[in-house]
Amino acid sequence: MKLSVIVSPRFSETLNKLAQAEIPVATAYKLKAVITLVAEEQKKFEDMRKSLIDKHAAKNKKGEIIKGEDGSYSVAEKNKEEVFKEIQELLNVEVEVPKVKVSSLGEKLQLSVQDLALLEDLLEE
């Protein structure tokens with residue numbers, strides 16, 4: 001599964017929706033492991049993203065990062081293309097996430113087509 005899917009807020013929302021559903025205990029156990037893995041990957045991505053921004057941020061004459069009034073960072077104009085390239089490269093990283101069988105989710109679970117599309121790389125027949 002691409003990291004870009006894992007760090008998507010909609011993916012997290014849909015995964016949480018699935019976690020709150022009444023599903024068989026063995027599937028819930030497996031899903032908990034998936035959720036833990038996803039949370040770890042999201043944290044690693046955010047740490048790397050911040051590191052890239054810090055590395056390429058606009059700096060004053062003292063070498064300190066210039067922050068906006070709202071605490072946001074400004075990437076130096078000369079570095080914007082490089083930052084974009086590195087973040088895109090990071091988003092394309094493949095992460096091994098265990099699959100969950102659709103049949104193991106039980107009969108009561110209802111998901112929208114949008115939910116299924118977001119979970120496509122996680123679910124298998």
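Biologist: Where is tyrosine 29 found?
Modeller: In this predicted model, tyrosine 29 lies in helix H3.

Biologist: Is tyrosine 29 buried or exposed?
Modeller: Tyrosine 29 counts as exposed, because its relative accessibility is 67% and the cut-off for that class is over 50%.

Biologist: What separation do the C-alpha atoms of tyrosine 29 and aspartate 47 have?
Modeller: They are separated by 27 Å, with the two residues 18 apart along the chain.

Biologist: Turning to H2, which of its residues are buried?
Modeller: Phe11, Ser12, Thr14, Leu15 and Leu18 are buried in H2. They sit on the same side of the helix, because they cover an arc of only 165° around its axis.

Biologist: And what covers the buried residues of H2?
Modeller: The covering elements include helix H1 (3-6), helix H3 (25-56) and helix H5 (113-118).

Biologist: Which exposed residues are on the face turned away from the buried side of H2?
Modeller: That face carries Pro9 and Gln20.

Biologist: How many residues does H2 have, and what span does it reach?
Modeller: Helix H2 runs over residues 9-20, which is 12 residues, and reaches 17 Å from its first C-alpha to its last, close to the expected 16 Å.

Biologist: How many residues are in the largest nonpolar core?
Modeller: That core has 25 residues, and those with the most contacts inside it are Ile6, Leu15, Val97, Leu105, Leu119 and Leu122. H1, H2, H3 and helix H4 (80-91) each give it two or more residues. The largest share, 5 residues, comes from H3.

Biologist: What is leucine 122 in contact with, leaving aside neighbours within four places in sequence?
Modeller: Leucine 122 is in contact with Met1, Leu15, Val34, Val97, Pro98, Lys99 and Val100.

Note on methods. Residues are numbered from 1 along each chain as its sequence is written. This is a predicted model: local features need pLDDT of at least 70, side-chain atom pairs count only at pLDDT 80 or more; totals for chains, interfaces and linings use all residues. Side-chain values use heavy atoms; hydrogens and water are left out. Helices (H or I, at least four residues) and strands (E, at least two) are DSSP runs, numbered from the N terminus. The expected span of a helix is 1.5 Å times one less than its number of residues. Buried means under 20% relative accessible area, exposed over 50%, partly exposed in between (1.4 Å probe, protein chains only). The arc is that of the directions from the helix axis to the C-beta atoms. Contact means heavy atoms within 4.5 Å. A nonpolar core is a set of buried Ala, Val, Leu, Ile, Met, Phe, Trp, Tyr and Cys residues joined through side-chain atoms within 4.5 Å.
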